[in-house]
Amino acid sequence: MEKEAVIIKQAEFNPRIRKYILFIVAFYLFISVAGIPLILIWYLGLGQHVSRRYYENLNCRLTDSHLEFKKGILFRVEKTIPLENIQDITFIDNPFLRWFDLRILKIETAGSSNPQGSDMKLIGIVDTPEFKEKVLAQRTVIRNKALTMMGGGTGSGEEDSIELLREIRDLLKDLKNK
């Protein structure tokens, strides 16, 4: 039986992400030229509904062993990333995002073959730097536990490795002499 994951931090999302979605989609409709007639429909109702539903369905939480993220309206996406697999967390802040009071966290994992370069992109988390630090701190805790378990809990893993290498060297010398 698997133990229940302990929630360390439940991310809260900035409500301004709704305006960001409205603006970004309208921008893409505008540059596509064919979408220009749809901009009015987007701003008068459809966009309001879609951005509100998207915001309501955002969910991200940090547990003691992984990071969970859920989003989507028609197509739901649920991602779970084990903390020990996280290689890089990129904090993105630019004037356009600051205008909406939003930040982006891009999370990349070991062995990622994702063409976009990140496994998870979190837009609009309130107090993004604090959330990033909590993820990094918990990842460090997980990695330290793994190192302690590999070292057998006694002494440092490096000392044990050196002793093992010495034993192998001595055995090879004995085999060579025979």
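I took a salt bridge to be a side-chain nitrogen of Lys or Arg within 4 Å of a carboxyl oxygen of Asp or Glu.

**Ground rules.** The model is predicted: local features need pLDDT of at least 70, side-chain atom pairs count only at pLDDT 80 or more, and totals for chains, interfaces and linings use all residues. Residues are numbered from 1 along each chain as its sequence is written, and side-chain values use heavy atoms, with hydrogens and water left out.

**Entry 1: salt bridges.** I looked up how many salt bridges the rule gives, and the count comes to 7. I started with R103, which forms a salt bridge with D101, the closest N and O atoms being 3.8 Å apart. For exposure I used relative accessible area: buried is under 20%, exposed is over 50%, and partly exposed lies in between (1.4 Å probe, protein chains only). R103 is buried because its relative accessible area is 18%. D101 reaches 38%, so D101 counts as partly exposed. Shared partners in salt bridges join D93, R98, D101 and R103 into one network. R98 is partly exposed at 44%, and D93 is partly exposed at 33%.

Entry 2: Which elements does the K9 and E130 pair tie together? The side chains of K9 and E130 meet in a salt bridge of 3.8 Å, N to O. K9 lies in strand β1 (residues 7–10) and E130 in helix α4 (residues 128–150), so this pair ties together parts that are 121 residues apart in sequence. Helices (H or I, at least four residues) and strands (E, at least two) are DSSP runs, numbered from the N terminus. K9 is partly exposed at 23%, and E130 is partly exposed at 31%.

**Entry 3: aromatic rings.** I counted rings of Phe, Tyr and Trp (its six-membered ring) as a pair if their centres lie within 6.5 Å; planes under 30 degrees apart are stacked, over 60 edge-to-face, and the rest tilted. The count comes to 10 aromatic pairs. F23 and W99 form an edge-to-face pair, with 6.1 Å from centre to centre and 80° between the planes. F23 is in helix α1 and W99 in helix α3, so the pair ties together parts 76 residues apart in sequence. F23 is partly exposed at 31%, whereas W99 is exposed at 59%. F23 also pairs with F100; this pair is tilted, at 6.0 Å centre to centre and 50° between the planes. F100 sits in the loop between α3 and β6 (104–109), so the F23 pair ties together parts 77 residues apart in sequence. Is F100 buried or exposed? At 7% relative accessibility, F100 counts as buried. Ring pairs link Y20, F23, F96, W99 and F100 into a cluster.

**Entry 4: surface patches.** Patches take residues with over 30% relative accessible area and no salt bridge; like charges are joined within 9 Å, nonpolar side chains (Val, Leu, Ile, Met, Phe, Trp, Tyr) within 5 Å. One nonpolar surface patch has about 1000 Å² of accessible area together, and F23, I31, F96 and W99 are among its residues. Helix α1 (17–31), α2 (36–56) and α3 (95–99) each supply at least two residues. The largest share, 5 residues, comes from α1. I31 is in helix α1 and is partly exposed at 46%. Then I found a surface patch of negative charge, formed by E158, E159, D160, E163 and E167. E159 is in helix α5 (residues 157–177), and is exposed at 54%.

How values were computed
Areas by Shrake-Rupley, 256 points an atom, 1.4 Å probe, with all protein chains shown as cover. Lys, Arg positive; Asp, Glu negative; His and termini not counted. Charge placed at Lys NZ, Arg CZ, Asp CG, Glu CD.
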